[in-house]
Amino acid sequence: MTDERYTFEAARVRLEEIATLARKKDTSLEKSLDLLEEGVRLANICTELVDHTDLSATVAVEVPDSVPLPDAADEAAVDVEVAAEDAAVVPLDAGPVEA
């Protein structure tokens, strides 16, 4: 697959094969260097594929009619509750905080 176009999955599988071959004790130095060269090329292909992946895809979720959907006021209340849970609680009579 030297001049063929790889999918991410095909490149990943070939990288795993290369790693297995490189770990073998009987692999020659020349073969190891060839595997390293191919592995670096495939790693670069994977990086390019990941960098050019459109991450703005949305997932459609089917919600049964019996489940009420939140309105904007409910979502704002949830945001406030989460923010309150994340806040640190310090008792008023605790005195000065030592660093």
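Author: Glu38 counts as buried, at 16% relative accessibility, where buried means under 20% relative accessible area, exposed over 50%, and partly exposed in between (1.4 Å probe, protein chains only). Please keep in mind that this is a predicted model, in which local features need pLDDT of at least 70 and side-chain atom pairs count only at pLDDT 80 or more, while totals for chains, interfaces and linings use all residues. Residues are numbered from 1 along each chain as its sequence is written, and side-chain values use heavy atoms, with hydrogens and water left out.

Reader: OK, and which side chain does Glu38 meet in a salt bridge?

Author: The side chain of Arg14 does, at 2.8 Å from N to O; a salt bridge here is a side-chain nitrogen of Lys or Arg within 4 Å of a carboxyl oxygen of Asp or Glu. Arg14 lies in helix 1 and Glu38 in helix 2, so this pair ties together parts that are 24 residues apart in sequence. Helices (H or I, at least four residues) are DSSP runs, numbered from the N terminus.

Reader: What else does Arg14 pair with?

Author: Arg14 also forms a salt bridge with Glu17, with the closest N and O atoms 3.1 Å apart. Both of these residues lie in helix 1, 3 residues apart, which is about one turn of the helix. Glu17 is partly exposed, with a relative accessible area of 38%.

Reader: How many salt bridges turn up in the whole structure?

Author: A search of the whole structure finds 4. One of them joins Arg12 to Glu9, whose closest N and O atoms are 2.3 Å apart. Arg12 is partly exposed at 30% relative accessible area, and Glu9 is partly exposed at 42%.

Reader: Switching topic, which residues make up the largest nonpolar core?

Author: That core has 6 residues, namely Tyr6, Ala11, Ile18, Leu35, Leu42 and Cys46; a nonpolar core is a set of buried Ala, Val, Leu, Ile, Met, Phe, Trp, Tyr and Cys residues joined through side-chain atoms within 4.5 Å. Helix 1 and helix 2 are the elements that give two or more residues to this core, and the largest share, 3 residues, comes from helix 2.

Reader: And what does Ala11 touch, leaving aside its neighbours within four places in sequence?

Author: With those neighbours set aside, Ala11 is in contact (heavy atoms within 4.5 Å) with Tyr6, Leu42 and Cys46.
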